[in-house]
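I opened my notebook to look through one structure.

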Amino acid sequence: MCIRDRTIDVYYESLCLGCQMFIADSLTPALNASRLLDMVNINLYPFGNAKESQGDQGWNFSCQHGPYECYGNVLETCILNLASKRTALLIIACLEKGVKEGQGFDDTGPGCASSHGIDYALFKDCALSDKGNQYEHIIAQRTNALNPPHSYVPWIVVNGVYNPQYEEEVKEDLLKFACKHSSVLIPECTPIVKNYPKAKTVNPVSYTHLTLPTIYSV
């Protein structure tokens, strides 16, 4: 039985360099721990600083880094909806690695998907469909409902609450954060837990030598 003590919500956008760095430097290494999701539930919301408006045939999206980012956002939303959680996270991490290195989504996507036994066309077709458009609208609604509203990306929320300290810890080392705050520890946590700073030993102070005022005497 999986007992997850923490839910981490990551609001990001597909062509944001800071988001790509978080995925490459924190999320991807954490996913190397096969049982990471036994400790923490991770949700990705690829919309970020985009805007949406109602069109005649669905929703229109305007993205910070242009139309290609909108395609990437919808594509990754489709992956999140059509693949299992761990598989989706791994495919998106692979995609973002390729994009960070200058490759296109459709260039790196087939290899990322096939490594998990999935035809990339499943995700691409979704991204170009009404269903993908509706999936992204739901992500947009969730992003726009943030309280407080996000002021940058990636914007990270833990257990439904924005905490700047937690956000920085997750950005720096997601696995370490999960090990530190979860009661369900996986083998990869062992070296992390061993390196926690030890509490200082405090010697008790005795007051028996002091003279008590009469009214406090027994």
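Is Phe-177 buried or exposed? I looked it up: Phe-177 has a relative accessible area of 2%, so it is buried. Buried means under 20% relative accessible area, exposed over 50%, and partly exposed in between, with a 1.4 Å probe and protein chains only.

**Ground rules.** I am reading a predicted model, where local features need pLDDT of at least 70, side-chain atom pairs count only at pLDDT 80 or more, and totals for chains, interfaces and linings use all residues. Residues are numbered from 1 along each chain as its sequence is written, and side-chain values use heavy atoms, with hydrogens and water left out.

**Confidence.** I checked pLDDT, the predictor's confidence in each residue, from 0 to 100. The protein averages 90, and 87% of the residues score at least 70. Residues 198–203 stay under 50 and have zero contacts beyond four places in sequence. Residues 214–218 are also below 50, with one contact beyond near neighbours in sequence. Contact means heavy atoms within 4.5 Å.

**Helix H8.** I turned to H8, residues 164–172. Helices (H or I, at least four residues) and strands (E, at least two) are DSSP runs, numbered from the N terminus. Glu-167, Glu-169 and Val-170 are buried here. Down the axis of H8, its buried residues fall within an arc of 165°, so they line one face of the helix. The arc is taken from the directions from the helix axis to the C-beta atoms. On the other side of H8, I found Gln-165 and Glu-172 exposed. The cover over the buried residues includes strands E1 (6–12) and E5 (155–158), and helices H1 (17–31) and H9 (174–181).

**Ring pairs.** I searched the whole structure and found eight aromatic pairs. Rings of Phe, Tyr and Trp (its six-membered ring) pair if their centres lie within 6.5 Å; planes under 30 degrees apart count as stacked, over 60 as edge-to-face and the rest as tilted.

Tyr-68 and Phe-105 have ring centres 5.1 Å apart and planes at 40°, so the pair is tilted. Tyr-68 sits in helix H3 (residues 67–82) and Phe-105 in helix H5 (residues 105–114), 37 residues apart. Tyr-68 is partly exposed at 38% relative accessibility, whereas Phe-105 is buried at 0%.

Back to Phe-177: its ring pairs edge-to-face with Tyr-166, 5.2 Å centre to centre and 75° between the planes. This pair links H8 and H9, eleven residues apart. Tyr-166 is partly exposed, at 23% relative accessibility.
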